[in-house]
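Good morning, colleagues. Please turn to the structure on the screen, and I shall take you through a helix contact and then the pockets.

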Amino acid sequence: MASKSKITNNIADRDTPLIKNSWYVLDWSKDVGPELRNRMVINQDLVYFRTKEGTVSVLQNRCAHRCFPLHRSTLHENDTIQCGYHGLTYNTEGECVQIPSALDLNPSFISIHKYPVVEKSPMVWVWPGDPEKADPKLIPDYDWINEDDWGYGTGFYHVKGNYLAIHENLLDLTHFQYLHGAVLGTQKQLEAKVEVTVKDNKVTTYRVNEGEPVPDLHKEATGLKDIPITRHGTASFVTPGFHEGYSLFEDKQGSNNGRTEYKPHILHFITPETQYTSLYWWVFGRNFSAPDKKLDQWYSDVTRKVFEEDKDAIEWIEFQWANDDRPDFMENHVPSDKGAVKMRQIVHELAIQQSN
Ligand code: FES
Ligand SMILES: [Fe+2]
């Protein structure tokens with residue numbers, strides 16, 4: 001619940017206020033059509049749809065008269081929404097344009113919030129904070145994913161846990177070996193030293209290990225099977241709503257027709273829904289064996305299984321925080337947490353700036 005959020009310690013935790021002035025993914029572009037949908041982003045319920053012109057309109061999902069949810073209302077041909085309770089009608093600017101019970105009254109004194117929105121394939125982004133600060137250039141660049149030499153699988157989970165737990169999970173990949181086993185983990189990957197770099201608010205963790213085959217997930221699709229390779233693994237916290245993870249598999253021998261480099265590159269779109277629940281989309285990209293729609297589907301199916309293990313871990317951890325009665329419990333940090341701790345310090349700072 002938003003009302004319970006507070007700034008404590010010197011690093012962010014699950015109770016830290018959510019960061020409003022940032023872009024967050026609202027939905028897949030392909031799923032937004034000319035019908036009303038709703039979704040909660042940072043404790044704000046939104047109603048959205050695709051207009052006749054083809055743009056996406058996002059408004060407050062709460063009628064300014066008596067709070068009726070507008071996604072349970074009528075979308076008219078002219079892109080206005082007529083409230084399903086007493087009929088107040090709003091245009092895409094959020095302005096009330098008609099009060100059916102008082103047609104002689106100028107309705108302009110009533111309005112609902114209109115949200116800045118940007119469509120950047122394959123996602124729709126929304127800005128829940130101050131509209132004046134909504135600069136589209138702040139949306140991370142991933143246009144390359146739409147190019148012909150890239151293929152990708154996709155997935156979505158609703159996670160019953162704070163969004164920082166998802167970022168933290170992605171910044172410490174020592175969990176591969178234990179949570180996912182051979183699908184993603186190997187012994188040397190686990191033991192590799194982690195380097196952390198920070199640039200502005202971006203935190204990157206990097207590790208390299210040599211002399212083992214690619215993890216099981218990529219054995220067939222790369223064609224590398226059991227050939228020993230050099231594995232470079234990088235994970236970056238980019239913004240509160242976006243994280244990317246990319247690997248480089250280097251086969252210096254060029255065992256497959258001389259090819260020496262294979263790049264899986266995963267886009268993680270992480271939107272806090274409420275203080276303790278999150279929306280999590282991913283695009284699991286690869287620059288090998290593409291285009292191949294069947295393989296895209298295979299990656300969607302497999303990553304959904306793998307990421308369910310992350311979701312499960314995060315939800316159990318959230319359960320512990322919420323229910324296990326040990327008020328003096330303190331987390332202990334180990335060296336591989338360095339990136340995650342840095343990320344939590346940055347979010348702590350962002351929360352302080354937001355409160356000033
Ligand atoms: S609640 Fe929407 S018109 Fe009354
Ligand atoms: Fe994981």
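In which hand of crossing does H1 pass H6? The crossing is right-handed, which means that the near helix is turned clockwise from the far one by less than a right angle. This is a predicted model, in which local features need pLDDT of at least 70 and side-chain atom pairs pLDDT 80 or more, while totals for chains, interfaces and linings use all residues. Residues are numbered from 1 along each chain as its sequence is written, and side-chain values use heavy atoms, without hydrogens and water.

Helix H1 covers residues 163–171 and helix H6 residues 338–355; helices are DSSP runs of H or I, at least four residues. They pack at about 150°, with axes 8 Å apart; axes are lines fitted to C-alpha atoms over the stretch in contact, and angles run from 0 to 180 degrees between N-to-C directions. On the H1 side, the contact (heavy atoms within 4.5 Å) includes Tyr163 and His167, and on the H6 side Met343 and Arg344.

The largest pocket holds about 1,300 Å³. A pocket is an open set of points on a 1 Å grid, where a 1.4 Å probe fits, with protein on both sides within 12 Å along at least five of seven lines; lining residues have an atom within 4 Å of a point. Of its 37 lining residues, those closest to the centre include Trp321 and Arg344. H5 gives the largest share of that lining, 6 residues.

The second largest pocket has a volume of about 340 Å³. Among the residues closest to its centre are Ile19 and Leu350.

How values were computed:
Chains lettered and ligands numbered in written order. Helix = DSSP H or I, 4+ residues; strand = E, 2+ residues; numbered from the N terminus. Points joined across faces, edges and corners; volume = space filled by probe spheres on them.
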